[in-house]
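Q: I'm new to this one and would like a quick tour. Can we go through it piece by piece?

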Amino acid sequence: ASFARQLSYWLNWPLVPPSKLMLLPTHRCPVACAFCSTHRWAEARPRELTLQELDARLAEAAEWGIREVLFSGGEPLLRRSDVLALTRAARGRGMIPTLITSGAVGGRATLEALVDAGMASFMVSIDGDCVDTHDRLRGRRGSFDEAIAWIAGAVELRRALDAPSPPFTVYVQTVVTRDNVRELVSLARRIRELGADAILFQ
């Protein structure tokens with residue numbers, strides 16, 4: 001299956017069914033990353049899928065046997081109530097939901113609500129170990145501190161729940177650029193010290 005999936009990718013032809021669904025509830029985003037054009041789509045195509053339309057895509061994916069769903073954007077938490085509803089719907093269909101976030105939206109109450117809804121994994125974007133590097137690449141002053149606080153809050157909540165096995169995972173996602181390549185090792189150390197599970201480089 002792994003070989004067939006790789007071959008499918010390189011041929012750009014569906015030899016195997018998809019394994020993941022990425023749902024984008026919104027293109028709107030509080031950051032404006034130097035390497036991302038998503039936030040521009042919010043202006044070009046302002047109409048967003050309704051909750052019912054998003055749920056229909058989720059149901060269709062479940063029928064195909066897709067087990068993982070990733071909520072991305074834009075910043076999906078700008079539609080917090082819909083993401084909560086979709087997370088519950090995904091769990092009800094036997095799917096494993098992941099949230100990809102900038103860390104610029106939501107605090108402890110949002111985290112608790114997401115975990116209660118069944119969110120299995122959080123992926124927070126951090127693009128440098130220095131405040132200036134991250135904030136410049138993300139186009140938002142203070143975004144580094146927001147993302148670090150989001151990760152720390154998730155790790156703290158997981159510890160507070162004191163479950164027999166971790167109820168959710170916490171990852172960091174980093175886009176490698178010429179501006180941050182010299183900070184990757186120190187960033188990985190920071191993420192480990194924070195208690196996150198892993199850092200993923202793109």
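Q: Which residue does the T101 side chain join through a polar contact?
A: E75. The polar contact between the side chains of T101 and E75 is 3.0 Å. Keep in mind that this is a predicted model.

Q: Where does T101 sit?
A: T101 is in strand β3, which covers residues 96-101.

Q: Is T101 buried or exposed?
A: Buried. T101 has a relative accessibility of 2%, and the cut-off for buried is under 20%.

Q: What else is T101 in contact with, beyond its neighbours within four places in sequence?
A: Besides E75, T101 is in contact with L77, M123, V124, S125 and W150.

Q: New topic: salt bridges. How many are there?
A: The count comes to 13 salt bridges. Side chains of opposite charge can pair when their charged atoms come close.

Q: Which residue pairs with E48?
A: R79. The closest N and O atoms of E48 and R79 are 3.5 Å apart.

Q: And what does that pair tie together?
A: Parts that are 31 residues apart in sequence. E48 lies in the loop between α2 (38-44) and α3 (51-63), while R79 lies in the loop between β2 (68-71) and α4 (80-92).

Q: Are those two buried or exposed?
A: E48 is partly exposed, at 22% relative accessibility. R79 is buried, at 10%.

Q: What other salt bridge does R79 make with a D residue?
A: R79 also meets D82, at 2.7 Å from N to O. D82 is buried too, with a relative accessible area of 15%.

Q: Which residues are linked in that network of salt bridges?
A: R28, E48, R79 and D82.

Q: What about R57 and E60: where are they?
A: Both lie in helix α3, three residues apart, or about one turn of the helix.

Q: How open are R57 and E60?
A: R57 is partly exposed at 39% relative accessibility. E60 is partly exposed at 32%.

Q: Now the inside. Which residues touch the most other members of the largest nonpolar core?
A: L99, L114, F122, I126, I151 and I191. The core has 41 residues. Helix α7, residues 143-161, gives the largest share, with eight residues.

Q: What is I191 in contact with, leaving out its neighbours within four places in sequence?
A: I191 is in contact with I126, I151, V172, A196, A198 and I199. I126 and I151 are also among the core residues that touch the most other members.

Q: Back to helix α7. Is A152 buried or partly exposed?
A: Partly exposed. A152 lies in helix α7 and has a relative accessible area of 31%.

Q: And how far is A152 from L54?
A: They are 30 Å apart in space, C-alpha to C-alpha. In sequence, 98 residues separate them.

Q: On to the surface. Which residues form a nonpolar patch there?
A: F3, L7, L11, W13 and L15. Together they have about 580 Å² of accessible area. F3 is exposed, at 66%, and lies in helix α1, residues 2-11.

Q: Why does α1 count as lying largely in the open?
A: Of the ten residues of α1, the number buried is one, so α1 lies largely in the open.

Q: What follows α1?
A: N12, with a positive phi near 55°. N12 sits in the loop between α1 and β1 (20-23) and is exposed, at 68%.

Q: Which other non-glycine has a positive phi?
A: D162, at about 50°. D162 is in the loop between α7 and β5 (169-174) and is exposed, with a relative accessible area of 65%. Most residues other than glycine have a negative phi, and most peptide bonds are trans.

Q: Where is there a cis peptide bond?
A: From G73 to G74, with omega near 15°. G74 is in the loop between β2 and α4.

Q: What about S72?
A: S72 lies in the loop between β2 and α4. S72 is buried, at 11% relative accessible area. Its contacts beyond four places in sequence are M22, L23, L24, P25, T26 and I100.

How values were computed
Residues are numbered from 1 along each chain as its sequence is written. This is a predicted model: local features need pLDDT of at least 70, side-chain atom pairs count only at pLDDT 80 or more; totals for chains, interfaces and linings use all residues. Side-chain values use heavy atoms; hydrogens and water are left out. Patches are made of residues with over 30% relative accessible area and no salt bridge: like charges are joined within 9 Å, nonpolar side chains (Val, Leu, Ile, Met, Phe, Trp, Tyr) within 5 Å. Accessible areas come from the Shrake-Rupley method with a 1.4 Å probe; for residues, only the protein chains shown count as cover. A salt bridge is a side-chain nitrogen of Lys or Arg within 4 Å of a carboxyl oxygen of Asp or Glu. Helices (H or I, at least four residues) and strands (E, at least two) are DSSP runs, numbered from the N terminus. Buried means under 20% relative accessible area, exposed over 50%, partly exposed in between (1.4 Å probe, protein chains only). A polar contact is a pair of N or O atoms within 3.5 Å; within protein, one must be able to donate a hydrogen and the other to accept it, and residues adjacent in sequence count only if both atoms are side-chain atoms. Contact means heavy atoms within 4.5 Å. A nonpolar core is a set of buried Ala, Val, Leu, Ile, Met, Phe, Trp, Tyr and Cys residues joined through side-chain atoms within 4.5 Å.
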